[in-house]
Amino acid sequence: MKTPTYLPAVAGLALCATGALAETPVLQVMTYDSFVSEWGPGPSVEAAFEETCACDLQFVGTGDGAALLARLQLEGPRTDADIVLGLDTNLTAAARETGLFAPHGVEVDLSLPIAWTDPEFLPFDWGYFAFVGNEGDAAPTSLRALAESDVQVVIQDPRSSTPGLGLLMWVKAAYGDEADAVWADLADNIVTVTPGWSEAYGMFLDGEADAVLSYTTSPAYHLIAEDDASKVAWRFDEGHYMQVEVAGKLAATDQPELADQFLAFMVSDAFQSIIPTTNWMYPAVTPAEGLPEGFETLMTPEKSLLLSPEDAAAKRDAALDEWRAALSQ
């Protein structure tokens, strides 16, 4: 027969175990869905960081990149997030205006093609937007040539997706006051507009469009992961708009030291070496072993376009109006 003290002893052990679990600090990182997918960087980053932090790193996916800002603006200081990862320079001015971010305090030599001095937002990767099509297909050589062709493309919604917003800034940076006319000509080339990048790229792979708005680095996935060289990024004469993706620490975080530890980890080799073959972008700090074999084959734009965060914020509403007017015809 069991002794009368068995159950209380077990209960005591359970309480001790529960207390130990409760003491494990949790760091919550709000990011975009593809980052936390099984094929994205999230799982590998989580495992690597938890080896060093004695914590529970939790990624929370919230749609595509531009949806991060919308959710943050909605939640405000009530957000449970400690870090937001996945905004870009087209959104950082608006994000800064929320007053929700604290300085990151990280000093590191970045491998970006531009100087970086932002005290609140720290880059984790970068790339160039491009239309990706199939090798051997007729490839337009500019946005105007695309608009004058019969090529059918799928793009992303600029209100929810950073690539979609990037295309708006691309057209605006390249054509200025003529952007509305370019959009009017592009409208009949657009098969559909998807909420995010994953849906658009999937449609292209399924043959529902000739090309998709993506990145110059996207063909690296097919080449490295699938041994498939059939996908190519089209080089455009106007140049290609750059994207720099960033993370920022929320000022209201209840884990400030852990958040600082994550941001420092984010620009370390352990994190940066994961980026090229999971997020399929250029790392913000080139890892010690360099870029994976295959990246040297990627198309390099002859001209780079990028609006400052302040200019992008100032032009965003007008660019959205031009886009909506053209696609509503």
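The model is predicted, and local features need pLDDT of at least 70, side-chain atom pairs count only at pLDDT 80 or more, and totals for chains, interfaces and linings use all residues. Residues are numbered from 1 along each chain as its sequence is written, and side-chain values use heavy atoms, with hydrogens and water left out.

Salt bridges were assigned where a side-chain nitrogen of Lys or Arg lies within 4 Å of a carboxyl oxygen of Asp or Glu. By this rule the count is nine. One of these joins the side chains of R71 and E75, with an N to O distance of 2.8 Å. Both residues belong to helix α4 (residues 65–75) and stand four residues apart, about one turn of the helix; helices (H or I, at least four residues) and strands (E, at least two) are DSSP runs, numbered from the N terminus. Residues are termed buried under 20% relative accessible area, exposed over 50% and partly exposed in between (1.4 Å probe, protein chains only). R71 is partly exposed because its relative accessible area is 28%, whereas E75, at 18%, counts as buried.

A further salt bridge pairs D118 with R96, the closest N and O atoms being 2.8 Å apart. D118 is in the loop between β4 (101–102) and β5 and R96 is in helix α5 (residues 92–97), so the pair ties together parts that are 22 residues apart in sequence. With a relative accessible area of 11%, D118 is buried, while R96 is partly exposed at 28%. R96 and D118 also join E120 in a network of salt bridges.

The side chains of R144 and E178 meet in a salt bridge at 2.5 Å, N to O. This pair links distant parts of the chain, 34 residues apart: R144 lies in helix α6, and E178 in the loop between α7 (162–175) and α8 (179–186).

E148, D150, D185 and D188 form a negative surface patch. Patches are made of residues with over 30% relative accessible area and no salt bridge, like charges being joined within 9 Å and nonpolar side chains (Val, Leu, Ile, Met, Phe, Trp, Tyr) within 5 Å. Lys and Arg count as positive and Asp and Glu as negative, with His and the chain ends not counted.

F131 is part of strand β5 (residues 122–134) and is buried, with 2% relative accessibility. Leaving aside neighbours within four places in sequence, the contacts of F131 (heavy atoms within 4.5 Å) include L143, L146, V153, I155, L167, W170 and F236. F131 and F236 are separated by 105 residues in sequence and by 9.1 Å in space, C-alpha to C-alpha.

Positive phi values occur at two residues other than glycine, A54 and W280. Phi of A54 is near 50°; A54 is in the loop between α3 (42–53) and β2 (56–61) and is exposed at 61% relative accessibility. For W280, phi is about 55°. W280 lies in the loop between α12 (269–272) and β11 (282–283) and counts as buried at 11% relative accessibility.

Technical notes. Areas by Shrake-Rupley, 256 points an atom, 1.4 Å probe, with all protein chains shown as cover. Charge placed at Lys NZ, Arg CZ, Asp CG, Glu CD.
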